[in-house]
Amino acid sequence: MGGRRGSRTQRKHFKQSRENVWKRPKTESSSDPNNPNSNNPAWQPFATQNPSFDEYYREQGIVSPEEWDAFMEMLRKPLPAAFRINATSQFCEDIRSQLENDFMKSLQAEAIEGGDLEPIKPLPWYPDNLAWQSNFSRMQLRKNQTLERFHEFLKLETEIGNISRQEAVSMVPPLFLDVRPDHFVLDVCAAPGSKTFQLLEIIHHSAKGRFLPDGMVLANDLDVQRCNLLIHQTKRMCTANLIVTNHEGQHFPGCRSHKNISNGSDTTNNLEQSIPQLLFDRVLCDVPCSGDGTLRKAPDIWRKWNGGMGNGLHCLQIHIAMRGLSLLKVGGRMVYSTCSMNPVENEAVVAEILRRCGGSVELVDVSNELPQLIRRPGLTKWKVRDKGVWLPSYKDARKLQRNGIVPSMFPSGKNYADLTNNNQKSENGESVNAEDVVQPDDTISSIDDLEEEVSDLSLQLCMRIVPHDQNTGAFFIAVLQKVSHLPAIPDKSATSQGKLSTRSELHENLSDQAAEEINGLEVSSVDGADEKILEVASKAEENISEMALEAADEKISEETSEVDEKISEVALEADLVDDEPAGGAPESNSSEAADKKTDSAKTGEKRKLQIQGKWKGVDPVLFFQDETIINSIKAFYGIDESFPFTGHLVTRNKDANHVKRIYYVSKSVKDVLDLNFRVGQQLKITSVGLKMFERQSSREGSLAPCSFRISSEGLPVILPYITKQILYASPADFKHLLQYKSIKFADFVDADFGQKAADLILGCCVIVLREGDKLSDHIQADASAIAIGCWKGRSSLSVMVTAMDCQELLERLSARMETEKNGTLEPESLGVLDKKQDLSGENRTPLEDHNVEAMKIQDTNASE
C-alpha cells in the first residue's frame, strides 16, 4: 500500500496549494445539489438504488429470492443508533439503571403518545445489558425535541468515556475472540478505535480486583490521521495496557529477539528475561474492505458501488490475514471480519487462508456462542465479476486476459493452466503446485460445471449478519484457531520474483547463499527453524549492499502505486479525520525508507541497535529514569513502596530536564517496550501508556516542593498507594468543590476539613469522597473510590478537573443520593445549580462570588 503516498487527506498536500476536492467552497454551497440546506429546489437525497448492486448480489445468492425485497427495503432505511456502556466505568451500574428505569420508560411513554418513536432497548445478544440500540435514526436523535434530554445524556457520557457510540454489528467480532485478562491482543487495522476500546474493556473488566491486567492490547493502523482518531478514542479508557502503532498490517514487524545478542552488560541479561518474540494470544483482523455493509449509515456508497471494488482488495486482505496468523501463538484465536457482503472479500479470503495454512489453522464452530445473535452460515459457492463480465472460474479469467483476477477469488482456488510447462509457472510468474492445477479438458466438461463450482472447505462455519434479520448493518465474521505452526511457505514476492515488500523486511530476507544453506536443513515449519534462520540471516545481512537497497525501494514504489490509488479511494469513503497529527505531517514509506537507509549506512557492516526516535514525525519512547524526580514524587505523595515504579515510567521527550508528562505502563507493555529496544526499534509507536504525572508550569507550581501533579487519568491507578496529600471530604464539601471549582479554607462546611486542607503542603493533593457516615481519614482508598485532584494554594483549594468531568460527577452524585433517599432530595438542595445560571453569574451565591477569578484561572490550567 506504500503508505498511501497518493492520499489527498494528508494536510501537507493542502499546504502545497493542492485543491481540496473534498470540501466545497462556501460560494457553491447554495447551489450544491447534495446540500439539503441549499436553495436549489431540485435537491434530492442520495439515490438508494444501483442496478449493478442488485444484479451482483442476486446472482451471488446472499439472501433467498423470497427475502430479497425485505433485504433491500431494510438497506434503504437509516441505521438505528447504538451505543455501549463502558463496563470498567465507576458509574457503569448507575448508567445502566438510568437507561432501564428512566429513559427506557419515558421514551416508551412518548412512543405511545406520538406514535412515531420506539423506545431504546438493550441488545439481547450482548452480555449484561451493556449494549443498547435506539430504533430511530441519528437525524431523529439530533432534531427531535422529545429526545433532546436523551441526546444530551449520550453526548456527555460519550465525551467522558462512560459510553461509546458504536454500530451494533461492529461490537460482534471482539466478543468471539474470547479475550482473557492475561492475553496479548493485536488489533491489526484498529482505527477508528471502537473495537480496540471494547477489547480493553474486556481485559480490564475481567481482571477486577487486580492492580492492572497481565495482558495488553496493541492497536495498529496504517493511516497516521486515523491513528490520531484511534488515540483520541482510547484515551477515554485511561489504560496503561495499550500500545498504538503505525504500520502496514500486512508487514507488521515480527520483533524477534536475537538470543545470541550480548554486549557484556547486566542490562542485556535482564532484558533477556522478558519475551523473546512478540506473539499474540488473540488477533483481530478487521481488514479494509469495500464497505457495502454500511450502506444504511453511508448512503453515498450506493452511487459509487461497482462489482470490482472487492476484487482490488482481495489480495491485500489475504496478506493482512496471513500476517496476523504468523503473529498468533499456537492455540490462539484470530477473528477475520469485514463490513462487506462481497464473498470475494469474505469467504474467498478465508478459503485461501485455509489452503495456504494446510491443517495448521482451522475454522472454529461458534454457533453455540451468543445464541441470541441471529447469524447465517457462510457461502460455499460464488462467482467473480470483472468489468461487467461474470467469471465462473479462473480459466475464464485467463481467456479474457483479466490480469487483476487471481485463482484464490474462486471457490475451488484452482489455477487452470497448461501442465505441459515443466516449470509450472502461472501467468504472474509464480510457482504453481501440481495438485492445484486443473487441466481444462481433464475434469471440466462444460460451462455449466464451472458455474456450479463449490468449495470443499467448511466455509459454512463462517457467519454472515444481514440487515433485515435484526435491524442492523451487514457484517462478515470468521473465527480461526491456530492448532500448529504454519507450514514453511516461501514468500513468492521474495523468492520467486526477487522482490522485497517493505524496507523493514529487508533485513529479514536472506541472500541467495544464505537461502541455499537454509534449504538444506529439512525444516518442517517456519516457527521451528527460528534459531538457525536467525543465525544465517545475521551473516547474510552483512552482504546486503546499498545498491540492492535502492533497487528494492524503487521496485516497491513501482509496484504499490496502483494499490495506493485503490486503497486511498476506499479509505476516503470511511470516516477519516482531518486533524493534524501531533508529531507532524504523515510520512510516506519512501521517507521512512530513506531514514532507514541512513541508519543502515551509519551502522557500517555490523548491525547495531538503532537510536530512539528513529521514526520521522513520531516522538521517541524513553524509559524515565531520573531518580531525583521520581524520589521527590514518592516522598511528596507518600507513595507506598509496593507500587511498581522501576521500568514502568516512560516519557516522549529526549531532554530529561524539560519532561512535561510522565506516562505509566503495565508490566506487559513494559516487556514489549524492552523487546522493541532490543530489536532496534522496529515498532513505530505513536501512543503508549497512561498519563500519570504532569509538570505544573504555573508560578505557584514552581514554588511547590514537587512540581509534578497527579493527572486525572492516572489517579485511579495510584490512589490506593498514596499516604500523603490526601483528604476525605464530606458529600457536601465534595459537591461544593465540583460546583465552585475553588473554595477558601474557611468556607468549607466541615471546618475540620478546611483546617486539614490548610495544613497540607503547597502543591497537588487528592480529595476523596467520604462514604456514608465514615468520618475517619484512616481508611484505604481503592481504585473504585470517587476522587479528584486539587491544588492546595496559599488560601484556597482549587479543583484540577475539566468542567465537563465536574458536571458529570455532579449529576452522578446527585442521582445516586436521590436514589438512596428514595427521591426525596431535590438536585437544588444538593448545591447543583443550573449550568447557564452558573456561567452567566445570575443567581450566583456569595460563596461563588469571591471565587470567580479562581475558577477562571483553574479552568485554564485544567483544560488539557
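Modeller: First, on annotations: UniProt positions are given in the numbering used here, feature names are shortened, and annotations may be inferred rather than shown by experiment. This is a predicted model, in which local features need pLDDT of at least 70, side-chain atom pairs count only at pLDDT 80 or more, and totals for chains, interfaces and linings use all residues. Residues are numbered from 1 along each chain as its sequence is written, and side-chain values use heavy atoms, with hydrogens and water left out.

Colleague: Where does UniProt place the feature "active site"?

Modeller: The unreviewed UniProt entry places it at C339. C339 is found in the loop between β9 (328–338) and α14 (347–357); helices (H or I, at least four residues) and strands (E, at least two) are DSSP runs, numbered from the N terminus.

Colleague: And what is C339 in contact with?

Modeller: Leaving aside neighbours within four places in sequence, C339 is in contact (heavy atoms within 4.5 Å) with C289, G291, D292, G293, T294, A474 and F475.

Colleague: Changing topic, which residues of α4 are buried?

Modeller: In α4 (residues 68–75), W68, F71, M72, M74 and L75 are buried, meaning under 20% relative accessible area with a 1.4 Å probe, protein chains only. Seen down the axis of α4, these residues fall within an arc of 160°, so they line one face of the helix; the arc is that of the directions from the helix axis to the C-beta atoms.

Colleague: What do they pack against?

Modeller: The buried residues of α4 pack against α3 (51–60), α12 (301–304) and α17 (467–470).

Conventions. Buried means under 20% relative accessible area, exposed over 50%, partly exposed in between (1.4 Å probe, protein chains only).
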